[in-house]
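Please prepare a briefing on the structure shown below, covering its helix packing, its domains and the surroundings of its ligand.

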Amino acid sequence: MIVYDAIIIGSGIAGLNAAAAFPADKKVLVICKENSWDCNTFYAQGGVAVATDEEDIAAHIEDTLAAGAGLCDPKAVEILVRDGMIEIDDLIARGMEFDKDEAGNILYTKEAAHSKNRIVHAGGDATGRELHHFLMAENRQQLLYRSTVTELLMDGRICHGVRLLNDGKCRNYYAKSVIIASGGIGSLYDFHTNARTIAGEVHGICLEKGIPLRDMEMTQFHPTVFIHSKGARKQLLTEALRGEGAHIIDDDGKRFVFEYDERGEMSPRSTVSKAIFDWKEKTGKAVYLSFPNFEEEAFRERFPTIYFNMKDMGFNLPREDVPISPAFHYAMGGIETDLNAKVVGCDNLYAVGECASVRVHGANRLASNSLLEGLVFSTRAVKDIIKRAVYFKFKEFDGECEILIKEGDAERKDELRKIMWNSVSIVREMCSLEKALGRIDSLLKEDIGKLLRLRLKVSKNIVQSAISRTESLGAHTIVEDTSQ
Ligand SMILES: Cc1cc2nc3c(=O)[nH]c(=O)nc-3n(C[C@H](O)[C@H](O)[C@H](O)COP(=O)(O)OP(=O)(O)OC[C@H]3O[C@@H](n4cnc5c(N)ncnc54)[C@H](O)[C@@H]3O)c2cc1C
């Protein structure tokens, strides 16, 4: 029986950077659901936010706290910003290439609610793909593909490993420490930007083990998504486009976001999403992203992924406007951790990246702070594991696997996605939240497989958190019931 030094659930930025942070003599297993690149990290476009120099630290902290609307932990934010500079320098020293100007200086772009240009990017608008390639090329640890973790092997405060489904078989894998880096919850929603592997099952396993989730009502909706693209994952049009001059207009060419906030397209994401949602409802007009200030060649060079993806879908950018709508994008809440990413109430279990809540994002994430979070807190987790060396006595668990999928689950899963999109998205009404909760409770009583049960439990937690927060804050907007 192998007992690994660490098991890492997830091969995104948080998981792979954690793997890289372990000393070479440690035996680490990285697990992912499908292929290693099938994760949100791979699809990240805009870049990584990082303070440009010592003088910018205070401003980056201030911008992050302002976006978080009072729900951030200032200590966590300070760590994010200060350690973030070290992480980016370290990545560059290890060989990661960010985009540079002709003189070899790193290029910084701007995104909404940042007070200055401080977003580094790679491959134009392919930052996530470049980072993922880099971390995969660097990885020396064992990777287990096409494996879905379905259980944490917990004994009191100690996690002994995971149970997973691989090649139709359930297997237990054991480790002295476990790091959850399983990403967010996109697939719970009908319209989302996330990779198809991102469904929040590990959040659900935590709930079943009594491990608390925090701030789950804080869900971010990206304002500029081409939702008519095929498949559940929709084409995102990065915020950097607006940072560099793209406009949001309606059928009449009106830049209506200025009616909601004087910063217009550069307002925080939640403001822009709510403005689009409200304008569509109020006027019945379609909304577009338009690119009046871009030359075609420069656009193709700076945003090649978007240029070619949209070309495949019949749009000639930057000449044509693209119809847009908000879609689910990011979970600010997650598995509650301390500042070293250790899961609250456990001794050797850690959570890093989008699955975690260390409260760097509060009620609303500042654009491009999430890749940074993945880097900073994965490194801290590994340092803590090495420093703490928790006493671990091997314990074997039975290998019994519950039925994961039952007949009718696919239809129920689709119904859940619609419930979450219709009742628990950009603008929430108490009576629809209550109705959503009622329906989720009845679905939970049906004869369903474990994977759906986990999704339902996470969704229930989101709805309950939304009901408990009776006043609007950050990304959570609750209004009077319009039906009354
Ligand atoms: C389209 C898009 C654009 C974005 N652009 C930016 C940007 O420009 N800047 C920025 O900072 N952020 C951006 N974000 C957000 C950012 O990409 C994510 O928050 C971040 O990449 C999350 O990294 P992660 O390592 O935590 O999770 P992910 O990269 O999502 O990786 C999760 C991993 O967990 C695995 N996993 C999940 N469940 C299980 C399970 N049950 N069993 C086994 N493995 C499992 C998956 O297979 C995957 O390997 C963007 C997100 C999207 C979707």
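Which hand, left or right, does the crossing of α12 and α14 have? The crossing of α12 and α14 is left-handed, a crossing being called left-handed if the near helix is turned anticlockwise from the far one by less than a right angle, and right-handed if clockwise. This is a predicted model, in which local features need pLDDT of at least 70 and side-chain atom pairs count only at pLDDT 80 or more, while totals for chains, interfaces and linings use all residues. Residues are numbered from 1 along each chain as its sequence is written.

**Packing of α12 with α14**

- Helix α12 (residues 409-423) packs with helix α14 (residues 450-468) at an angle of about 15°, their axes lying 11 Å apart; axes are lines fitted to C-alpha atoms, for helices over the stretch in contact, and angles run from 0 to 180 degrees between N-to-C directions.
- α12 is therefore roughly parallel to α14, given that angles under 35 degrees count as roughly parallel and those over 145 as roughly antiparallel.
- On the α12 side the contact involves Asp 409, Arg 412, Lys 413, Leu 416 and Met 420, which meet Leu 452, Arg 455, Leu 456 and Ser 459 in α14 (two residues are in contact if their C-beta atoms, placed from the backbone, lie within 7 Å).
- The residues of this contact divide into four nonpolar, one polar and four charged, where Ala, Val, Leu, Ile, Met, Phe, Trp, Tyr, Cys and Pro count as nonpolar, Asp, Glu, Lys and Arg as charged, and the others, Gly among them, as polar.

**Packing of α13 with α14**

- Helix α13 (residues 430-445) and α14 pack at about 155°, with 10 Å between their axes, so α13 is roughly antiparallel to α14.
- The crossing of α13 with α14 is left-handed.
- Residues of α13 including Leu 433, Leu 437 and Ile 440 take part in the contact with α14, whose contributors include Leu 456, Val 463 and Ile 467.
- By class, the contact of α13 with α14 has 11 nonpolar, two polar and three charged residues.

**Domains**

- The protein chain is divided into domain 1 (223-327) and domain 2 (409-479), with bounds from an automatic or database domain assignment.
- The centres of the two domains, taken over C-alpha atoms, are separated by 28 Å, and the contact takes five residues from domain 1 and five from domain 2.

**Ligand shell**

- Of the 45 residues around the ligand, Gly 10, Gly 12, Gly 46, Gly 183 and Gly 353 come nearest (a residue is near if its C-beta atom, placed from the backbone, lies within 6 Å).
- The shell around the ligand has 18 nonpolar, 23 polar and four charged residues, and its largest share, four residues, comes from α11; helices (H or I, at least four residues) and strands (E, at least two) are DSSP runs, numbered from the N terminus.

Conventions. Angles under 35 degrees count as roughly parallel, over 145 as roughly antiparallel, 65 to 115 as roughly perpendicular and the rest as oblique.
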